[in-house]
Amino acid sequence: MGLLARLRKEWFIIGIVLVILSAKLQPSVGVRGGPLKPEVTVAYVAVSLIFFNSGLSLKTEELRSALLHVRLHLLVQSFTLVFFPLAVWLLLQLLALTAIDQWLLKGLQTVSCMPPPVSSAVILTKAVGGNEAAAIFNSAFGSFLGIVVTPLLLLLFLGSSSSVPFTSIFSQLFMTVVVPLILGQVCRGFLREFLDRRKPPFGAISSAVLLMIIYTTFCDTFSNPNIELDPTSLLLVVLITASETVQVAGNEKDGFSSSL
C-alpha cells in the first residue's frame with residue numbers, strides 16, 4: 001500500500017492528532033465563549049448533524065429491526081453501566097498503589113460511570129463494522145438511562161453525589177438525538193432513490209464532525225490553567241484510555257455481529 005493510499009485510509013486517526021495539536025497551539029479558538037462558540041455549534045448543531053446524517057443513511061427497516069433486539073440492548077446496557085464501571089474500579093485499586101495522580105484515577109472512575117457519548121459511540125461502532133442502528137438506539141437509550149444511573153454509580157464508587165438537571169438534560173438529548181434522527185428518516189423517504197444511486201459519504205461526514213467535537217474538547221482542556229499533570233501520570237492514563245477504547249470497540253463489533 002502506497003503512502004498516499006495509507007494516508008487516505010487512516011485520515012481519521014491523523015485528523016485526531018492534528019486537531020489535538022491545533023488545540024494545544026491555539027486553544028482560545030475552540031474554547032467555550034470563543035470564536036467557534038462550541039456551546040452552540042458542538043452541543044447542538046454538531047450532534048444534531050451526526051444523528052440527522054444517521055437517520056438519512058439508515059433504512060427504516062434496519063432501525064425497526066434494531067429496536068426489537070431486547071436481549072442485545074440488555075447486554076449492551078449491562079456491560080456499559082454495570083460491568084465496565086466495576087472492571088475499572090478493580091483496575092484502579094491496583095493503580096492506586098502506583099505513582100499515578102489520584103485525581104486522574106478518580107477521573108477515570110467518573111468517566112467509566114458515564115454512558116457512552118451519543119455521537120462518538122455511533123461513529124466508532126460504524127467504523128469497526130458494528131451495527132449502526134443498534135448503536136444509535138443503545139447510545140440514545142443509555143444517555144437517558146444515565147441521567148438516573150450515573151449519579152448512583154458515582155455515589156457507590158466515589159462516595160459523592162450531585163443534583164442532576166433532569167429536565168434540561170432530557171430536553172437536550174431529545175432535541176439533538178431523537179428529533180434529528182426522525183427528520184433524517186423523513187427526508188430519506190423523499191430522497192431514497194437519489195441516496196441509493198449517489199451513495200453520499202455519510203461515514204466521512206460524521207467523522208469530520210466528530211473531529212470538530214474532539215478539537216473543542218481539547219481546547220477547553222488546554223485552556224484550563226489549573227491542570228498540572230506530571231508526564232508519567234499523563235502517559236499512563238493515555239495508555240489505559242487507549243486500551244479501554246480498543247477493547248470496547250472490539251466488544252461492540254463482536255456483540256452486534258453475533259447478536260444480529
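Guide: In this predicted model, Asp196 is partly exposed, with a relative accessible area of 39%. Here buried means under 20% relative accessible area, exposed over 50%, and partly exposed in between, with a 1.4 Å probe and protein chains only. Asp196 forms a salt bridge with Arg188, and their closest N and O atoms are 3.5 Å apart. A salt bridge needs a side-chain nitrogen of Lys or Arg within 4 Å of a carboxyl oxygen of Asp or Glu. Arg188, in contrast, is buried, at 6%.

The structure holds two salt bridges. Arg32 and Asp220 form a salt bridge as well, with 3.6 Å between the closest N and O atoms. Arg32 is in the loop between H2 and H3, while Asp220 is in helix H10, so the pair ties together parts 188 residues apart in sequence. Helices (H or I, at least four residues) and strands (E, at least two) are DSSP runs, numbered from the N terminus. Arg32 is exposed at 60%, whereas Asp220 is partly exposed at 27%.

Residues are numbered from 1 along each chain as its sequence is written. Because the model is predicted, local features need pLDDT of at least 70 and side-chain atom pairs count only at pLDDT 80 or more, while totals for chains, interfaces and linings use all residues; side-chain values use heavy atoms, leaving out hydrogens and water.

Now the packing. The largest nonpolar core has 30 residues, and Leu210 and Ile213 are among those with the most contacts inside it. Such a core is a set of buried Ala, Val, Leu, Ile, Met, Phe, Trp, Tyr and Cys residues joined through side-chain atoms within 4.5 Å. Helix H10 (202–222) is one of the elements that give two or more residues to this core, and H10 gives the most, seven residues. Leaving aside residues up to four places away in sequence, Leu210 touches Phe12, Ser119, Ser120 and Ile123; contact means heavy atoms within 4.5 Å.

Phe12 is itself buried, at 16%, and Trp11 is partly exposed, at 35%. Their ring centres are 6.0 Å apart and their planes at 80°, so the pair is edge-to-face. Rings of Phe, Tyr and Trp (its six-membered ring) pair if their centres lie within 6.5 Å; planes under 30 degrees apart count as stacked, over 60 as edge-to-face and the rest as tilted. The structure holds seven aromatic pairs.
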